[in-house]
Amino acid sequence: MAVTPELTEQPVTPPAPPREARRPSAFGALLLRLHFYAGVLVAPFLVVAALTGLLYTATPQIDTILYGDKLTAATRSGPTLPLAEQIAAARASHPDGTIAAVQPADGDQSTRVVFAQPDLGENQHTVYVDPHTGAVQGQLTTWWGSTPVTTWLDDLHRNLHLGDLGRHYSEIAASWLWVLTLGGVVLWWRRRRSVRKMLAPELSAKKGVRRTRGWHAATGLWLSLGLLILSATGLTWSRYAGASFDTVQTAFGAQRPGLEVPGVSGSAGGHHGAGSEAPVAVDPAQADTVLRVARDSGLTGPVELSLPETGGAAWTVAGIDNTWPVQLDRIAVDPATATVVARSDFADWPLLAQLSKLGVQAHMGILFGPVNQILLAALAIGLLCVILWGYRMWWQRRPTRTDRPALAGAAPARGAWLGLPAWAVAAGVPVVFAIGWALPWFGLPLVAFLLADALLSLRKRA
């Protein structure tokens with residue numbers, strides 16, 4: 001009789017319960033909502049700043065095209081005339097005003113003699129002289145050495161030719177650029193969790209929000225260092241944040257040191273500053289002596305000689321080479337004795353003052369020459385692409401149902417910051433107020449956003 005073996009029943013393992021979707025933290029939700037609204041509202045200011053900045057990067061080439069016959073010496077060889085003769089030629093062609101400064105020819109450039117006139121305000125007349133023949137090549141109305149087109153583009157980028165009112169736009173852009181940049185990096189890290197993955201967009205993603213987000217975030221990451229530098233350097237000369245920066249520099253004694261130019265006696269033996277004596281006129285013929293002393297004192301490359309207001313006082317000679325390695329040393333020269341009576345070297349500036357100066361020159365595309373211009377142009381074009389992808393994501397997230405059409409996607413949920421722990425709120429409030437004092441165009445809109453966000457959230461819950 002055959003025995004049928006018993007069938008052993010295998011225990012059935014119940015299926016694991018589905019994992020709950022990870023809810024974003026209050027901090028992450030707040031950062032996402034802040035990044036969204038700041039991007040939507042501030043991006044137009046950034047677009048204008050990027051476009052006008054892109055135009056400004058080409059100013060050296062534009063100057064050459066428009067004013068090359070003045071900026072470049074017509075004669076490229078032969079002995080150089082004494083500086084006094086070149087100044088005399090400029091004075092003969094421009095009898096009005098006072099000579100404020102002289103920039104001797106350097107390389108193939110022309111000599112530039114700057115005249116100040118009360119009716120010009122902050123502007124000056126610059127006369128361009130061939131250093132080899134003494135021929136006057138032309139005259140331009142300049143602003144601290146900048147040509148008319150460079151001045152126009154600088155004002156366009158700085159204030160849209162609207163004066164102090166227009167400066168608000170550029171300060172808003174600079175105040176929020178660093179926030180958008182750092183916030184975007186953090187959000188991208190929370191999504192990718194790998195530096196290697198953060199460096200490239202999600203190429204495997206299908207067309208849609210996910211792929212657009214990948215290009216938006218990865219490109220922003222590659223641009224982040226440059227954007228942070230542009231934001232910081234732009235803030236240093238803005239209207240309100242720049243004033244705060246100056247206050248901090250003064251408090252720490254880190255501002256650019258002044259050159260204490262003493263009054264010195266003239267060759268006639270009179271005493272400078274004596275109340276009973278009439279001021280002595282400045283003799284431009286002393287320029288050659290002053291320039292020789294400056295060269296002997298180590299000031300090589302392009303320099304600017306600033307004339308004193310009265311004769312018998314010291315001349316100032318400053319290096320004006322803003323390309324790396326910069327040459328920005330300054331000296332004061334007594335022309336009567338041909339001696340240096342005061343000196344200020346760039347190497348002796350406080351570190352913060354040095355970084356501020358170098359940062360501004362990098363922001364203007366000068367510090368590293370053509371390479372600097374190319375990098376700035378790439379930053380501007382890259383920022384425009386990031387903004388375009390950001391708006392495209394907003395549009396791609398719109399509802400597509402026929403019964404619920406919309407032009408754009410909904411904003412992230414409001415009121416997220418109300419869920420922050422008490423310690424985070426307690427620590428964040430003074431930080432927000434401190435940043436708001438230093439950067440008013442960041443702090444005030446941020447406070448307004450947080451209050452409105454909280455009130456609307458509480459109202460909806462009620």
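This is a short walk through the structure of one protein, from the whole chain down to single residues.

The model is predicted, so local features need pLDDT of at least 70, side-chain atom pairs count only at pLDDT 80 or more, and totals for chains, interfaces and linings use all residues. Residues are numbered from 1 along each chain as its sequence is written, and side-chain values use heavy atoms, with hydrogens and water left out.

Start with the whole protein. It has 13 helices and eight strands. Both are DSSP runs, numbered from the N terminus: helices are H or I with at least four residues, strands are E with at least two. The protein has 462 residues, and 42% of them count as buried. Buried means under 20% relative accessible area, exposed means over 50%, and partly exposed lies in between (1.4 Å probe, protein chains only). Now look at contacts, meaning heavy atoms within 4.5 Å. Of the contacts with a separation of 6 or more, 61% link residues 24 or more positions apart.

Next comes the sheet. Eight strands form an open sheet in the order β4-β3-β2-β1-β5-β6-β7-β8, with antiparallel pairing. The edge strands, β4 (136-142) and β8 (339-344), each pair on one side only. Neighbouring strands are turned by 20° against each other on average, direction ignored. Two strands pair if DSSP finds at least two bridges between them. Strands of a sheet pair through backbone hydrogen bonds, either parallel or antiparallel.

Take the β4 end. Six bridges join β3 (residues 124-129) to β4. Helix α2 (residues 59-71) lies across β2 (111-116), β3 and β4, and runs at about 130° to β4. Helix α9 (residues 287-296) also packs on the sheet, where it touches β5 (303-306), β6 (315-319), β7 (330-334) and β8. The direction of α9 makes about 135° with that of β5. For such angles, axes are lines fitted to C-alpha atoms, for helices over the stretch in contact; angles run from 0 to 180 degrees between N-to-C directions.

Beyond β6, turn to the loops. P325 lies in the loop between β6 and β7. The peptide bond from W324 to P325 is cis, with omega near -5°. F368 sits in the loop between α10 (351-363) and α11 (370-396). Its C-alpha atom is separated by 5.7 Å from that of T323, 45 residues apart along the chain. F368 is partly exposed, with a relative accessible area of 45%.

Two other loop residues have positive phi without being glycine. H161, between α4 (148-159) and α5, has phi near 65°. R193, between α5 and α6 (195-198), has phi of about 60°. R193 is partly exposed, at 46% relative accessible area.
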